[in-house]
Amino acid sequence: MIEFLEVYVKYGSQWFPRMADAALVSASLAFAGFIVAFAIGLMLSIFQRSPLRLLRFVATIYVVVFRGIPLLAILFLLYFGLPGIGVTMSAFTASAVGLGLSFGAQMAEVFRAGLEAIHRGQREAAIAVGMTPLQAFRFVTLPQAVRIISPSMLVTFIVLLKDSSLCALITVNELMLEGRALATEYFLPLNIFVAIGVFYFLIAWPLSLLARTMDARIRAKQTRTL
Amino acid sequence: MESPLLQIKDLHKSYGSLEVLKGIDFSVSKGEKVAVIGPSGSGKSTCLRCVNFLEKPSRGHIILDGERVGVKPGSDRLMSDAELAPQRAQMGMVFQLFYLWPHLTVLENVSIGLRKVQGVPSNEASEIAMDMLEKVHLGNKANTFPGLLSGGQQQRVAIARALAQRPKLLLFDEPTSALDPELVGEVLNVIQELADEGRTMLLVTHEINFARDIADRVIFMDGGVVVEEGPARELITNPQAERTRVFLSKIEK
Amino acid sequence: MLDKIQHILIALLGGISVTISVTLGALIIAVLLGLLLGVVRSFTKWKLLRFTIDVYVELFRNIPALAILFIIYFGLGSVGLRLGSVTAAILGLGLIGGAVLCDVFRAGFSALHSGQREAAIAIGMTPYQTIRLILAPQAIRIALPPLGNYAIQLLKDTSIASAIAAPEIMFFARTLVTSTFETTLIYICAAGIYLLLSLPLFRAIQSIEKRFGVGR
């Protein structure tokens, strides 16, 4: 155990800056992916509530397909597969798009749950005071939904951040790839991958705690009014 | 004179600095029906829940059939829930909100205690459970799930479940106060029938007329103490204490 | 074209048995571990035990699966604890799943009304009987839909095991790519196989939700 920790004392100053740089890449990758996922999720949830059958159908198919396909398959397809038909992207772009496509389906579910959680009476009351359905959505349903879903959005972001580690497999030089590079350089895979794990943990865990606090606060508020 | 079946001596219960029970003493003899009445917040439900230790008393004695409940003999150590199980099995409890188990059929709700607690073989347990359901006039509902029953029916199943324990004492915690008014009658009728069989009952209720008709003795509680107790008809028609009078006049129809 | 697809599918099918065994193996570990942790976390009075479980859950829920597989396969392998890639994948995904399902089962238990427990101990059940006969069956029922979602996620996550060379579908796809040039088609076929495998799980969740979701 002591020996194990001594390794960090010895190499820490060499490893830490490289891991920290790579962690920044991971973070920006996660942000980029999340923005794409947010946009796709919002679009899908609008489709799901559309009066047009075709749009609802498209949304349903999208969610089923992308919830059933592993992120890794999507990443490989985008980065290694698409060049075969003439579409070339940088590894980072392919990763952001892949994360966005995959998590877009999850975001759609998050939005849907949020909108469904708003009591029907809220919309009815808005219409009763003379709002149009669009105004009711814009001023009554949506603001409440955004508040309700913010914890689950954060949780989705955390999962996305963890899954961004898979982008190492399509050569994005993020945290996990840096770990593999270090592991081959120093022949200390246990120390290095544990350190990588700690890096992810230190980013993800505070966010998890925050999500839980937000959720508890929202639940406490919700029980007070319908 | 024979010693009473249930004795409650100097019962105290506090939640933090809030003292809910401030020294309760009374007893119930074998075959006797005792009703506890009082305003909400008087501590009457807490008192009942202390009898089978669903609430741990802060101080005092509960003695059932000569045996101290919830405390290890020869010491002051409180029993764990596992150690309490055999004592609780001697008392049947009927809750305000029934608490039937939704994943079990009506028959299983009644028989599971026989099988798992009393160790009765499965066939026999089902037969006894069926008898108990007949007693509460629900033999025809044996194989349905509780969620499909009305509140009154659910409460009757809960009564059958308590009866299946062959308890020395039946505890009722406001058995009709969660029911729609038109369903109260069927539950009270069943309780009346049990009373007529000579069972020992301790009943917390807000149905004053029912308490008067069914109980031998009524205890009026307020503010965590017993204000007054006496023969049912006498106490309700002619209360002695001022607080009892005020309470009864408020709920007079 | 159809010829090619047929050829690819046949090649990829070699990975299906490993994909399914990793999924099932990890699922079994996850359910047993998650149920154990969930029950203990919900009912133990021992603070240190609750704290230990919390640490376990937080660690495994906030570290990427790939990192955990690398730690187990490359890391432990380097200090003499050498596991096969399939074993390492089952173990790693199972340990993560245990943390996920611990939370799922805990939520199931805490959704139950306190009266359910009170009614059980009032008829003389011991705490163990109360959990086994009354609380756990109801909590598990509540946990079924999230459990199904977890199973779908797990099926997809087994593809990560290709990174430690476990010969499952994605590994076969990656190998096949190096010997042919049908990259696009191969990954589309692989995605299709995962999708087909997950569809019955989707169905199962829907029917479970229909059966237990309403009117309880």
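How far apart do the end C-alpha atoms of residues 16-206 of chain C lie? They lie 24 Å apart, and the span is 83% helix and 0% strand. Helices (H or I, at least four residues) and strands (E, at least two) are DSSP runs, numbered from the N terminus. The structure is a predicted model, in which local features need pLDDT of at least 70, side-chain atom pairs count only at pLDDT 80 or more, and totals for chains, interfaces and linings use all residues. Residues are numbered from 1 along each chain as its sequence is written, while chains are lettered from A and ligands numbered from 1 in the order in which they are written.

UniProt, in an unreviewed entry, annotates residues 16-206 of chain C as "domain: ABC transmembrane type-1". UniProt positions follow the numbering used here, feature names are shortened, and annotations may be inferred rather than shown by experiment. The unreviewed entry also lists "transmembrane region" for residues 12-39, 59-76, 88-109 and 184-202 of chain C. Residues 12-39 of chain C are 93% helix and 0% strand, with end C-alpha atoms 40 Å apart. For residues 59-76 of chain C, the figures are 83% helix, 0% strand and 18 Å.

Two pairs of chains touch, and the most contacts are between chains A and C. Two residues are in contact if their C-beta atoms, placed from the backbone, lie within 7 Å. Chain C brings 34 residues to this contact and chain A brings 33. On the side of chain C, helix 9 gives the most, with 11 residues. That side divides into 24 nonpolar, 7 polar and 3 charged residues. Here Ala, Val, Leu, Ile, Met, Phe, Trp, Tyr, Cys and Pro count as nonpolar, Asp, Glu, Lys and Arg as charged, and the others, Gly among them, as polar. No contact joins chain A and chain B. Their closest C-alpha atoms lie 21 Å apart.

The largest nonpolar core has 210 residues. Such a core is a set of buried Ala, Val, Leu, Ile, Met, Phe, Trp, Tyr and Cys residues joined through C-beta atoms within 7 Å. A residue is buried if 20 or more other C-beta atoms lie within 10 Å of its own, exposed if 12 or fewer, and partly exposed in between, with C-beta atoms placed from the backbone. A:Ala73, A:Leu75, C:Leu69 and C:Ala190 have the most contacts inside the core. Leaving aside neighbours within four places in sequence, A:Ala73 is in contact with residues including C:Ala190 and C:Tyr194.

In chain B, B:Phe98 has a positive phi of about 65° although it is not a glycine. B:Phe98 counts as buried, with 24 C-beta neighbours inside 10 Å.
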